[in-house]
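Student: I would like to learn how to read a structure like this one. Where do we begin?

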Amino acid sequence: MKKILFASALILSVLSCTENKPENTPAVDNAVDNAESSVSGTLKSYRDENMIDKIYSELIKNDKNLKLLDDKLVQLYEENRKVLALYAEILHKSESFYLDAKSLAGTIKDSLLKQQVEKEITISSDQYDLTISKVKELMAKVNQNIDDINNQYTAFKIRKTLPEIGKYQNAHPLKTDSLESLIKKQNELLNELKNLK
């Protein structure tokens, strides 16, 4: 009997919690609420995006300058990827060649011939390293620039979205009424359960 009474009281408690939803605040136009509704209202997956990206995506929809900036960055990232991939492929093939050549030269049984071939490989490899030193330096600069651009853009997005989270917080003030009411009901039920014999 006590178990049935306890289960009934627990169900009533849960139901009363769901009925005491926070007051409906008037809808205020802010990117946070719009971002949340966009996520649930579209088929696009936002799992990899964080709140900054979601809010910023909403801001882009209504700001042509932000959209142009974002498009520029996307285009630059794509160009960066393509250019570096081209150079990386060429460098990788040359490096693989020299590794394979050294490995294969190591299998030569004639020690004098082996030394001559290894020396020729080293000379060729050293000359190639001199030839590509400027290329590697420029590739490093490209990567550094992309890192700097990412850092600046991330800082810009955070600064741009800070006012939006402020608007959201103002539109959804957290009042304690519902929580206090719930605690009161919980305490009443708790006292009732303690007095059961």
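Tutor: Begin with the largest nonpolar core, which has 6 residues: Tyr 56, Leu 59, Ile 60, Leu 66, Leu 73 and Tyr 153. A nonpolar core is a set of buried Ala, Val, Leu, Ile, Met, Phe, Trp, Tyr and Cys residues joined through side-chain atoms within 4.5 Å. Buried means under 20% relative accessible area, exposed over 50%, partly exposed in between (1.4 Å probe, protein chains only). Two helices, α3 (51-61) and α4 (64-105), each supply at least two of its residues. The most come from α3, with 3 residues. Helices are DSSP runs (H or I, at least four residues), numbered from the N terminus.

This is a predicted model: local features need pLDDT of at least 70, side-chain atom pairs count only at pLDDT 80 or more, and totals for chains, interfaces and linings use all residues. Residues are numbered from 1 along each chain as its sequence is written, and side-chain values use heavy atoms, with hydrogens and water left out.

Student: Which residues does Tyr 153 touch?

Tutor: Contact means heavy atoms within 4.5 Å. Leaving out residues up to four places away in sequence, Tyr 153 touches Tyr 56, Leu 69, Asp 70 and Leu 73.

Student: Is Lys 119 buried or exposed?

Tutor: Lys 119 is exposed, with a relative accessible area of 57%. Lys 119 lies in α5 (residues 111-171).

Student: Where does α5 bend?

Tutor: A bend is the angle between axes fitted to the seven residues ending at a residue and the seven starting there. In α5 the bend is about 45 degrees, at Ile 132. Ile 132 is also one of the buried residues of α5.
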